[in-house]
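Here is a short briefing on one protein chain. Please look over the sequence and the model before reading the points.

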Amino acid sequence: MLHDRVLVRQDGAEGERRSSAGIVIPATASVGRRLSWATAVGVGPNVRSIVVGDRVLFDPDDRSEVELHGREYVLLRERDVHAVAASRVESDGTGLYL
């Protein structure tokens, strides 16, 4: 990985989703701008706030997809990440930081 790049693997498959009540929401349903969660699998040397294994929140419209060894990944810049959920954050905090 070079510079400020972050390689992530999306947590869920895109397409149908389920609401918390169990209702199936089809992939064709119109929703507003929705952010996606992914897990960081690689980070560049200039990335300051993300380490491998962190869950990151990003805009799926601003992404570059890449396939490595038959698996699909997304390549982001660190500045395109909206939030990070990590266990290393203090226990009295929200668990999210920018």
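Predicted model: local features only at pLDDT ≥ 70, side-chain atom pairs only at ≥ 80, totals over all residues.

Residues are numbered from 1 along each chain as its sequence is written, and side-chain values use heavy atoms, with hydrogens and water left out. The protein has zero helices and nine strands.

**Overall fold**
- Along the sequence the pattern reads β-β-β-β-β-β-β-β-β.
- Helices (H or I, at least four residues) and strands (E, at least two) are DSSP runs, numbered from the N terminus.
- Of the 98 residues, 27% count as buried; buried means under 20% relative accessible area, exposed over 50%, and partly exposed in between (1.4 Å probe, protein chains only).
- Take contacts (heavy atoms within 4.5 Å) between residues at least 6 apart in sequence: 59% of them join residues at least 24 apart.
- The protein exposes about 6,800 Å², and carbon and sulfur atoms supply 49% of that area.
- Accessible areas come from the Shrake-Rupley method with a 1.4 Å probe; for residues, only the protein chains shown count as cover.

**Strand pairing**
- Two strands pair if DSSP finds at least two bridges between them.
- β1 and β4 pair in the antiparallel sense over five bridges. Leu-7 has Gly-42 as its bridge partner in β4.
- β1 and β7 also pair in the antiparallel sense, over four bridges. In β7, Leu-75 is the bridge partner of Leu-7, and Arg-77 is that of Arg-5.
- β6 and β7 are antiparallel too, over five bridges. They form a hairpin with two residues between them. His-69 in the turn has a positive phi of about 50°.
- Val-66 has Tyr-73 as its bridge partner in β7, and Leu-68 stands opposite Arg-71 in β7.

**Nonpolar core**
- A nonpolar core is a set of buried Ala, Val, Leu, Ile, Met, Phe, Trp, Tyr and Cys residues joined through side-chain atoms within 4.5 Å.
- The largest one has 13 residues, and Val-8, Ile-50 and Val-56 have the most contacts inside it. The elements giving two or more residues to this core are β1 (5-10), β4 (36-43), β5 (55-58), β7 (71-77) and β8 (81-85).
- In soluble globular proteins, nonpolar side chains tend to be buried together.

**Surface**
- Val-66, Leu-68 and Leu-75 form a nonpolar surface patch with about 190 Å² of accessible area together.
- Patches are made of residues with over 30% relative accessible area and no salt bridge: like charges are joined within 9 Å, nonpolar side chains (Val, Leu, Ile, Met, Phe, Trp, Tyr) within 5 Å.
- A salt bridge is a side-chain nitrogen of Lys or Arg within 4 Å of a carboxyl oxygen of Asp or Glu.
- Val-66 lies in strand β6 (residues 64-68). Val-66 is partly exposed, at a relative accessible area of 30%.
- Trp-37 is found in strand β4. Trp-37 counts as partly exposed because its relative accessibility is 29%.
- Trp-37 and Asp-11 are 26 residues apart along the chain, yet their C-alpha atoms are separated by 6.3 Å.
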